[in-house]
Amino acid sequence: MVDERELIRRSRRKDQQAFEMLVGLKRALAFRIAFNIVGDEDDAKDVAQMSFIRLWSVIDSFDENSRFDPWFYRIVVNLAIDFYRNRQRGPRPVGSPESRGSSDSGGRSDHDDDVAAALPALAMPGADAEVMRAELRRVFNEIAVELAPAQRAVFSLKEIEGVATDDIAKIMGIKASTVRNHLLAARRVLQDGLRRRYPEYFRGSKK
Amino acid sequence: MSRKPIDLFDCERVGSYIDSYLLGQVPPPERRGMRQHIHGCEACFQKVVARDPLQLFAPLADQTQPDEFWEGFWPAIHEGIVRQEAGRRPRPARDAWRLWTRVAAVVLVAACVTAALILVPRLVTRPVAGVPIAGVPRPAPIAEAPAASPMPQTVERVLTDGRRDVQVYTMSYTQDSLQSTRGAAPVAELVLIVDKGLEL
């Protein structure tokens, strides 16, 4: 078993072999965080790679007495938010209202109806996990396109990755109260989007 | 022989902690355990989503990519690192070129100034000294132009404010100096001011 701390220590001394192993350990995490924010697989991969290149140049400033993951999150999140902001039209996942054009009636297409009908089954753990997640990803990207980059980042870190509010505040360089505000706003937007597009998930739920 | 791990978070226990879980009040280790159970148990997952529909997206945290997805991932990073390091390295040849360019420019300017200082006094025909620097008068009109001389008339004056002197060379080009025609008025004047106190 590779010791993460040892890899970090060696990477700080510019040991590329150790750094490659560290990349292997953290790449899934970096990609997932980036994916939740930028909403496109290829873009997320690019952001993850940029994050590691950036990490290489700043890893010698990492304090080994602190936790590595939140410190690394910060690099990924900042790059992902920058990427998201710089992309003029925001994420355009397959099946998003933007990518479908304006011919859809009321923002919903036949494909949406199919997905909406299929979602209750897909969302069940018994369904094929990867297919389910791919569909959830598509739905998330579709409704999260309405979020501001910071709101999207906060929601992803808090509700998907389960990162504590204080840690998110440190990662994003904002106050914990601002994190909560972003989270509330993001939840409101996402709930509205989900209710509008997939009302079946609101049966019996508190509004 | 492998054993199925004991599910410490059974449906009953998870059910009693769902509200705390949704409020983020369950500590991380227990939260991970609860999440594993919820994502693997249809009944509990439906309960959680019924309370908070946005929990629908929680399983995205478990997303993994196939091995093929990572092909080329490290080589691209490595290439980026190499490019980044190359960009940071000093460029001695280029720096040296820049230095020599500056030296050459200074030498050229110095040569021009020296040439002017040597050549201009030779052209002086009538030095005038001691004119105060305040109230600089226009150069006096040239009374007599040398006959058939193609050279311009040059007047040197030394202007002073008591602390330093400035040499003013005024070269008046007439039709004489240009075309060897006598009696014509000046058509152009070149004024060269040499400040002896100027540090180059």
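A crossing of two helices is called left-handed if the near helix is turned anticlockwise from the far one by less than a right angle, and right-handed if clockwise. The crossing of α8(A) and α9(A) is right-handed. The structure is a predicted model, in which local features need pLDDT of at least 70, side-chain atom pairs count only at pLDDT 80 or more, and totals for chains, interfaces and linings use all residues. Residues are numbered from 1 along each chain as its sequence is written, while chains are lettered from A and ligands numbered from 1 in the order in which they are written.

Two packed helices are described by the angle between their axes and the distance between the axes. Axes are lines fitted to C-alpha atoms, for helices over the stretch in contact, and angles run from 0 to 180 degrees between N-to-C directions. In chain A, the axes of α8 (residues 149–160) and α9 (residues 165–172) come within 10 Å and cross at roughly 140°. The two helices α8(A) and α9(A) are therefore oblique to each other (under 35 degrees counts as roughly parallel, over 145 as roughly antiparallel, 65 to 115 as roughly perpendicular and the rest as oblique). Helix α8(A) brings A:A150, A:A153, A:V154, A:L157 and A:K158 to the contact, and α9(A) brings A:T165, A:I168, A:I171 and A:M172; residues are in contact if their C-beta atoms, placed from the backbone, lie within 7 Å. By class, this contact holds 7 nonpolar, 1 polar and 1 charged residues (Ala, Val, Leu, Ile, Met, Phe, Trp, Tyr, Cys and Pro count as nonpolar, Asp, Glu, Lys and Arg as charged, and the others, Gly among them, as polar).

Chain B is built from 6 helices and 4 strands, where helices (H or I, at least four residues) and strands (E, at least two) are DSSP runs, numbered from the N terminus. Their order from the N terminus is α-α-α-α-α-β-β-β-α-β. Of the 200 residues in chain B, 17% are buried; a residue is buried if 20 or more other C-beta atoms lie within 10 Å of its own, exposed if 12 or fewer, and partly exposed in between.

Helices α2(B) and α3(B) pack with their axes 5 Å apart, at an angle of about 105°. That angle makes α2(B) roughly perpendicular to α3(B). Here B:H37, B:I38 and B:H39 of α2(B) meet B:C44, B:F45 and B:V48 of α3(B), a set with 4 nonpolar, 2 polar and no charged residues. The buried residues of α3(B) are B:C44, B:F45, B:V48 and B:V49. Seen down the helix axis, these buried residues fall within an arc of 130°, so they line one face of α3(B); the arc is that of the directions from the axis to the C-beta atoms. Their cover includes α1 (11–22) and α2 of chain B.

Between the chains, 28 residues of chain B are in contact with 34 residues of chain A. On the chain B side, the elements giving two or more residues are α2 (28–40), α3 (42–51) and α4 (73–88). Among them, α4(B) gives the most, with 7 residues. This side of chain B has 18 nonpolar, 7 polar and 3 charged residues.

A:R54 lies in helix α3 (residues 41–58) of chain A. With 17 other C-beta atoms within 10 Å, A:R54 is partly exposed. Leaving aside neighbours within four places in sequence, A:R54 is in contact with A:I75 and A:L79.

Key. Two residues are in contact if their C-beta atoms, placed from the backbone, lie within 7 Å.
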